[in-house]
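Q: I have just opened this structure and would welcome a short tour. Could we go through a few residues together?

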Amino acid sequence: MEASCIQILLLFLPLSCMGVDVQRRENLFSKSGDEDVMYDDHLLFSLAVSSKRECALRCSDTEDCATFTFAKGSPSGTCRLHSEVMMSQCPFSLAPGTATYRKRQEPACEEGDLQQNFTKYAESSIAGHNIASNSSLTLEECQGMCSNNTACRTFEFERAGGNCTLQTVTPLDVVWDSAAGHAWDLYQRMCA
């Protein structure tokens with residue numbers, strides 16, 4: 001009797017581990033703020049899938065995939081894998097029911113790995129996660145504020161007013177806003 005119980009447990013163990021791996025791979029992605037658009041740039045390939053989960057797994061299994069869009073359909077949805085993080089400035093077409101997902105950033109930078117250089121996301125911002133703000137600054141002063149704060153991962157800079165806001169997250173961690181004509185630019189601190 002005991003031997004058969006052990007065999008049954010061993011039989012179910014791989015399935016439960018596989019379920020954990022599938023969930024871990026699906027959780028590698030966060031939904032971006034872009035909805036109802038289908039991006040045209042940096043397309044690796046497009047395929048029919050049964051769910052958003054299947055699309056996420058396809059992206060996680062594809063080495064160069066950084067972003068995927070999923071459009072619900074009947075009986076199957078459309079999954080498009082992209083090699084770059086999509087932003088609103090990229091060519092796109094309207095596609096109601098479509099959502100965009102980005103790979104989350106690899107483990108956060110350790111304090112000693114933070115660099116003094118930044119990647120610019122034009123006409124973009126992140127709501128919340130603010131740790132400090134100041135006004136009437138130059139871009140260089142705002143960048144200096146972030147560089148001198150070990151918790152700072154991004155900063156927003158309002159071009160017209162010189163407003164500066166430091167944040168603890170990156171565009172890969174949260175939903176962020178990107179739109180043509182947006183008054184703010186977002187700068188992400190680089191990691192070694």
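This is a predicted model: local features need pLDDT of at least 70, side-chain atom pairs count only at pLDDT 80 or more; totals for chains, interfaces and linings use all residues.

Q: What is the phi of Glu-123?
A: The phi of Glu-123 is near 50°, which is a positive value in a residue other than glycine.

Q: And how does Glu-123 count: buried, partly exposed or exposed?
A: Glu-123 has a relative accessible area of 22%, so it counts as partly exposed, because that class lies between the 20% limit for buried and the 50% limit for exposed.

Q: Which loop holds Ser-136?
A: Ser-136 belongs to the loop between β8 (130-134) and α3 (139-147). Its phi is positive too, at about 60°, although Ser-136 is not a glycine.

Q: Is Ser-136 buried or exposed?
A: Ser-136 is exposed, because its relative accessible area is 63% and exposed means over 50%.

Q: Changing topic: where is Gln-188?
A: Gln-188 is part of strand β12, which covers residues 184-191.

Q: Buried or exposed, in the case of Gln-188?
A: Gln-188 is buried, since its relative accessible area is 7% and buried means under 20%.

Q: Which side chain does the side chain of Gln-188 join in a polar contact?
A: That of Tyr-121; the polar contact between the two side chains is 3.1 Å.

Q: How many residues apart in sequence are Gln-188 and Arg-153?
A: They are 35 residues apart in sequence, while in space Gln-188 and Arg-153 are 6.1 Å apart, C-alpha to C-alpha.

Notes:
Residues are numbered from 1 along each chain as its sequence is written. Side-chain values use heavy atoms; hydrogens and water are left out. Buried means under 20% relative accessible area, exposed over 50%, partly exposed in between (1.4 Å probe, protein chains only). Helices (H or I, at least four residues) and strands (E, at least two) are DSSP runs, numbered from the N terminus. A polar contact is a pair of N or O atoms within 3.5 Å; within protein, one must be able to donate a hydrogen and the other to accept it, and residues adjacent in sequence count only if both atoms are side-chain atoms.
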